[in-house]
Amino acid sequence: MRDHVALSTAGAAVLAPLLGWQVLPAWAASILIDVDHYLWFLARRRRLSPRAAIRLFNQPDPPGQWGTRSLHHPAALLAVGLVAARLRRLRPLALGMGFHVALDTYHRRQLRAGREEALRRAGHSCQRCGHQGEDVGAHQWRQRLLLPSHRAGEFIALCPTCHRAAHEGGLPPARRAGAAVSGKGGGSAGVTDGRPG
Ligand SMILES: [Zn+2]
Ligand SMILES: [Zn+2]
């Protein structure tokens, strides 16, 4: 979200001379498209708490069905695009939504590559408890202040139990402290820094 605000604002600044005032609705659309997550949360959980919603989407396995991202769905984009082809006024909206989804797609692809590389380096075993298996996943233990990095060294391989613990704020003590994040460029200092990824 924060990254979307930053990148959309940068994009809007670049396009402002071209688009004039229309850059504003494009900018707003590229940020507000994420409101679909919250609407889904409201419909499902019948709770108004934005904090609870953020917590839910910060879990190791956040709900990721299309239901949570109705406005990101290709069908929604196509519909907006078709209407925008006829209605000039809707073009900035289509532009903003397209920009957002393109960024998301790029981010997801980079993220997947970083995760896969980290898991490969860890030999698919949990870097906290040593558990080995298909269910070991990659957790992003470090998050930059702005703009995500997708380097493998920023992920740690964790089993589901250790992963949940990491997201709840405390990783269990390492059984093999030295083994944690032994990949290139990853210092072990940050391993205790189990911030939600
Ligand atoms: Zn574990
Ligand atoms: Zn995680």
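Colleague: How many helices and strands does the chain have?

Modeller: In this predicted model, the chain has 7 helices and 2 strands, and along the sequence these follow the pattern α-α-α-α-α-α-β-β-α.

Colleague: What makes helix α1 roughly antiparallel to helix α2?

Modeller: Helix α1, residues 2-19, packs against helix α2, residues 23-32, at an angle of about 160°, with the axes 9 Å apart. Angles over 145 degrees count as roughly antiparallel, and therefore α1 is described as roughly antiparallel to α2. The crossing of α1 past α2 is right-handed.

Colleague: Which residues make that contact between α1 and α2, and how many of them are nonpolar, polar or charged?

Modeller: From α1 come H4, V5, S8, T9, A12, L15, A16 and L19, and from α2 come V23, A26, W27, S30 and I31. By class, the contact of α1 with α2 has 9 nonpolar and 4 polar residues, with no charged ones.

Colleague: Why is α3 called roughly perpendicular to α4?

Modeller: The axes of helix α3, residues 35-45, and helix α4, residues 50-57, cross at roughly 105° and come within 10 Å. Since the range from 65 to 115 degrees counts as roughly perpendicular, α3 is placed in that class relative to α4. In this contact, H37, Y38 and F41 of α3 meet P50, A53, L56 and F57 of α4, and the residues divide into 6 nonpolar, 1 polar and no charged.

Colleague: Why is D3 called partly exposed?

Modeller: D3, which lies in helix α1, has 13 other C-beta atoms within 10 Å. A residue is exposed with 12 or fewer such atoms and buried with 20 or more, so the value for D3 puts this residue in the partly exposed class. Leaving aside neighbours within four places in sequence, D3 is in contact with L146, L147 and P148. The C-alpha atoms of D3 and I31 are separated by 9.8 Å, with the two residues 28 apart along the chain.

Colleague: What makes L19 partly exposed?

Modeller: L19, also placed in helix α1, has 17 other C-beta atoms within 10 Å. Because buried would require 20 or more, and exposed 12 or fewer, L19 is likewise partly exposed. Beyond neighbours within four places in sequence, L19 is in contact with A26 and P92; the C-alpha atoms of L19 and P92 are separated by 8.6 Å, although these residues are 73 apart along the chain.

Colleague: How do you know that strands β1 and β2 pair, and in what direction do they run?

Modeller: Pairing needs at least two bridges between the strands, and 4 bridges join β1, residues 137-140, to β2, which run antiparallel. Among the bridge partners in β2, L158 is that of G137, and I156 is that of H139.

Colleague: Which residues show that both faces of β1 and of β2 are covered?

Modeller: In β1, G137 and H139 on one side and A138 and Q140 on the other are all buried. In strand β2, residues 155-158, F155 and A157 are buried on one side, as are I156 and L158 on the other.

Colleague: What share of the chain is buried, and what share of its contacts join residues at least 24 apart?

Modeller: Buried residues make up 26% of the 197 residues in the chain. Among contacts between residues at least 6 apart in sequence, 65% join residues at least 24 apart.

Notes: Residues are numbered from 1 along each chain as its sequence is written. Chains are lettered from A and ligands numbered from 1 in the order in which they are written. This is a predicted model: local features need pLDDT of at least 70, side-chain atom pairs count only at pLDDT 80 or more; totals for chains, interfaces and linings use all residues. Axes are lines fitted to C-alpha atoms, for helices over the stretch in contact, and angles run from 0 to 180 degrees between N-to-C directions. Angles under 35 degrees count as roughly parallel, over 145 as roughly antiparallel, 65 to 115 as roughly perpendicular and the rest as oblique. A crossing is left-handed if the near helix is turned anticlockwise from the far one by less than a right angle, and right-handed if clockwise. Two residues are in contact if their C-beta atoms, placed from the backbone, lie within 7 Å. Ala, Val, Leu, Ile, Met, Phe, Trp, Tyr, Cys and Pro count as nonpolar, Asp, Glu, Lys and Arg as charged, and the others, Gly among them, as polar.
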